[in-house]
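Subject: Structure handover

Hi,

Here is the structure I promised to pass on. Please open it first, then read my notes below.

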Amino acid sequence: MGLEIFPNKLCMYSEIQEYKITTCDVVLTHSTDSEDEVNYVGRPVGYPMKSQYIDVRPERWVAFFTRLINHNKNIRFNFLGNSLDYAGICDVLEYLNYNSANYSFDVYGDFYDKIEKIRCYDEYASISQVNVPIEADFKSVLSDSLSPKHNNFTKTWNSLKTLVSSEICGTVVAKIRVTSNNIFGLPETVEMLAKDGIYSDIVFCDVQKTNMYDAETKTISTELVHNDINTQMVVDKVMLNSAYVVNSNSFRRYCLMLPSEMECVVYSNMRAISVDSDFKLRLCDRIRGTNCTNFDPLRLIEQDGSISMEFVDLVKKDYESHCAGCNCKNVFVSQTTQA
Ligand code: SF4
């Protein structure tokens, strides 16, 4: 894997042109998203309204995942958004666990209650990894009873600890969102979590580069974190607990992408794919795109297990038309790990 530095960009390209999907990001439902999560600034022409995202039956997801696992048995599934609220979640979990799939679920809101609810439908249900979103100043807010965020963070902390001691989840990960305003608290937050056996997945906030981006709408550019001496000092302290930092081996390289300068050239090796809740293939986590969505996910993997080159061409078209870079960690990790 090469990393080529252009004046303001970091372009990732594959020296070995082997097309292999290592990461599949999935949103199973938008049904419980709050309104502002789908109110992108200036919704792009051709992108659906929230009401147009119709969930599909679990059988279709299972058929799709089966093709992907046949393509690469080590593929990693990242279930994003409120996927645990998907009506067919127990069928999906049963399939993933039965096939010993490598997967994780992001969980928002009352996450412990949500996971308990799944147990009501299926007493044997378990989730191999859950990612709970928190902010980098988590620890300092917990110690400050006057902070307006104190009660919310305390509730999250109690739920996290209950989750760790329960048998429902294999690995509990705090997905820590870092901004220029809260980065000061990152090392002590990582340290506190590590003491309780909770892993830290550190992601930096990003911006909506153009109106074709339908994620990361809440960040303003002054919140972006730059790869300067202060950030490097924070990273040095964080790495004291590297055993509890997810993808710690590539974390420093990930920081080279800051504030938002990765150009992943995804079509050069197709390491990462992304699928929306209406069962449409996207360009990536950040951009839905206008060409990829026309391709049937069930045709993505050919009979011989290879990726359809027709789809790769559509990805290239969307990439060249819409990508203005980002700092997406899932895509970065997919590009820097062995297929
Ligand atoms: S916006 Fe999408 S296509 Fe562009 S670099 Fe980021 S992940 Fe890759």
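In which loop does serine 100 lie? Serine 100 sits in the loop between H3 and strand S5 (102-106). Helices (H or I, at least four residues) and strands (E, at least two) are DSSP runs, numbered from the N terminus.

Two notes on reading this. Residues are numbered from 1 along each chain as its sequence is written. The model is predicted, so local features need pLDDT of at least 70 and side-chain atom pairs count only at pLDDT 80 or more, while totals for chains, interfaces and linings use all residues.

**The chain overall**

The chain has 11 helices and 11 strands. Of its 339 residues, 39% are buried. A residue is buried if 20 or more other C-beta atoms lie within 10 Å of its own, exposed if 12 or fewer, and partly exposed in between; C-beta atoms are placed from the backbone. Now take contacts between residues at least 6 apart in sequence: 78% of them join residues at least 24 apart. Two residues are in contact if their C-beta atoms, placed from the backbone, lie within 7 Å.

Most residues other than glycine have a negative phi, and most peptide bonds are trans.

- Serine 100 has a positive phi, near 45°, and is not a glycine. Serine 100 counts as exposed because it has 10 C-beta neighbours inside 10 Å.
- Methionine 270 also has a positive phi, near 55°. Find methionine 270 in the loop between S9 and strand S10 (272-275). Methionine 270 has 22 C-beta neighbours inside 10 Å, so it counts as buried.
- Leucine 258 and proline 259 are joined by a cis peptide bond, with omega about 0°. Proline 259 is in the loop between helix H9 (251-255) and strand S9 (262-263).

**Two helix pairs**

Start with helix H2 (residues 58-71) and helix H3 (residues 89-98). They pack at an angle of about 20°, and their axes are 9 Å apart. That angle makes H2 roughly parallel to H3. Axes are lines fitted to C-alpha atoms, for helices over the stretch in contact, and angles run from 0 to 180 degrees between N-to-C directions. Angles under 35 degrees count as roughly parallel, over 145 as roughly antiparallel, 65 to 115 as roughly perpendicular and the rest as oblique.

H2 passes H3 in a right-handed crossing. A crossing is left-handed if the near helix is turned anticlockwise from the far one by less than a right angle, and right-handed if clockwise. From H2, Pro58, Trp61, Val62 and Phe65 meet Asp91, Val92 and Tyr95 of H3. This contact has 6 nonpolar residues, no polar ones and 1 charged. Ala, Val, Leu, Ile, Met, Phe, Trp, Tyr, Cys and Pro count as nonpolar, Asp, Glu, Lys and Arg as charged, and the others, Gly among them, as polar.

Next come helix H7 (residues 186-195) and helix H8 (residues 229-238). Their packing angle is about 15°, with axes 8 Å apart. H7 and H8 are therefore roughly parallel to each other. H7 crosses H8 in a right-handed way. Leu186, Pro187 and Val190 in H7 meet Val234, Lys237 and Val238 in H8. By class, that contact holds 5 nonpolar, no polar and 1 charged residues.

Aspartate 236 has 11 C-beta neighbours inside 10 Å, so it counts as exposed.

**Covered residues**

Leucine 163 lies in helix H6 (residues 150-165). Leucine 163 counts as buried because it has 20 C-beta neighbours inside 10 Å. Leaving out residues up to four places away in sequence, leucine 163 touches Tyr112, Val130, Cys169 and Val172.

Helix H11 (residues 329-336) is mostly covered, with 7 of its 8 residues buried. Among them are Val331, Phe332 and Val333.

**Around the ligand**

How many residues surround the ligand? There are 14, and the closest are Cys264, Cys284, Arg286, Cys323 and Cys326. A residue is near a molecule or strand if its C-beta atom, placed from the backbone, lies within 6 Å of it. The shell divides into 11 nonpolar, 1 polar and 2 charged residues.

Best wishes
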